[in-house]
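Let us take a walk through a protein model together.

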Amino acid sequence: MDEMNDVVTVQSAPSRPMLLLNEACAAARRCEAESVCQAIDKALGELVGHKLLAVYAVSQEPREIVRMYSSRPQVHPAGGHHPTGTPSWNDLVISRGQPYIGCDADDLRWAYEHPDEITRLGCVSVLNVPVVVKGETVGMLSLMHEEGWYRDLHVQLAMPFAYMLAPAFAAARQLVEA
């Protein structure tokens, strides 16, 4: 605060998280899903960390998701329908729209019917951030890393980026319904 004028002095340069958020917002304004995913990938790689980031749209088919983006397409490609997690994970993340943090192999077994698909990529922890629109989970941002990586703070950092994907999820759903 400037004691003479009782005003807050604004920093001359925005923080790195704000710069990354603004880059992702710029991509979102262009309505280019791939650009938005790449900007989010870059931002969350720096702010939260991940060995793999994937973006999933929730399919209209029961217990199915569609991978829209992968940070490692050569080993975890986009496309195709995939089963959601176990019934317990599905209830938590898809039905109730709650984030999920899995810290180790036991957590992965609780969440996924085929955890080896994640562990073979060198990932043992996961952060799932669902995107809920009008009470319905329409998509999910999934980050994966080494054991014990993710904490509650990471949900707060990832959430605004995940919701930038809501228009892409809506567009994907419209394509399927058409």
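The paragraphs below visit a strand, a charged residue, the aromatic pairs and a glycine.

This is a predicted model, in which local features need pLDDT of at least 70 and side-chain atom pairs count only at pLDDT 80 or more, while totals for chains, interfaces and linings use all residues. Residues are numbered from 1 along each chain as its sequence is written, and side-chain values use heavy atoms, with hydrogens and water left out.

Let us begin with strand β1, residues 52-58. In β1, 7 of the 7 residues are buried; buried means under 20% relative accessible area, exposed means over 50%, and partly exposed lies in between, using a 1.4 Å probe and protein chains only. In a regular strand, side chains alternate between the two faces of the sheet. You can follow this in β1: L52, A54, Y56 and V58 point one way, L53, V55 and A57 point the other way, and all are buried.

Which strands pair with β1? Strands pair if DSSP finds at least two bridges between them. Strand β6 (residues 136-145) runs antiparallel to β1 and pairs with it over 6 bridges, and A57 has G139 in β6 as its bridge partner. Strand β2 is also antiparallel to β1, joined to it by 5 bridges, with V55 opposite Y69. Together β1 and β2 make a hairpin with 5 residues between them, and R63 in the turn has a positive phi of about 60°.

Now move along to R67, which sits in strand β2 (residues 64-70). R67 is buried yet has no salt bridge, a term that means a side-chain nitrogen of Lys or Arg within 4 Å of a carboxyl oxygen of Asp or Glu. The nearest side chain of opposite charge belongs to E117, 5.5 Å away. What does the side chain of R67 reach instead? A polar contact of 3.4 Å joins it to the side chain of Y56, and it reaches the backbone oxygen of P77 at 2.4 Å. (A polar contact is a pair of N or O atoms within 3.5 Å; within protein, one must be able to donate a hydrogen and the other to accept it, and residues adjacent in sequence count only if both atoms are side-chain atoms.)

How many aromatic pairs does the whole structure hold? A search finds 2, where rings of Phe, Tyr and Trp (its six-membered ring) pair if their centres lie within 6.5 Å, and planes under 30 degrees apart count as stacked, over 60 as edge-to-face and the rest as tilted. The rings of W89 and Y112 are tilted because their planes stand at 45°, with centres 5.8 Å apart. W89 lies in helix α3 (residues 87-95) and Y112 in the loop between α4 and α5, so this pair ties together parts 23 residues apart in sequence. W89 is buried at 1% relative accessible area, and Y112 is buried at 15%. The pair of Y100 and W110 is stacked, with 5.3 Å centre to centre and 25° between the planes. Y100 is buried at 8%, whereas W110 is partly exposed at 40%.

Our last stop is G148, in the loop between β6 and α6. G148 is partly exposed, at 26% relative accessibility. Its C-alpha atom is 9.8 Å from that of A105, 43 residues away along the chain.

Notes. Helices (H or I, at least four residues) and strands (E, at least two) are DSSP runs, numbered from the N terminus. Lys and Arg count as positive and Asp and Glu as negative; His and the chain ends are not counted.
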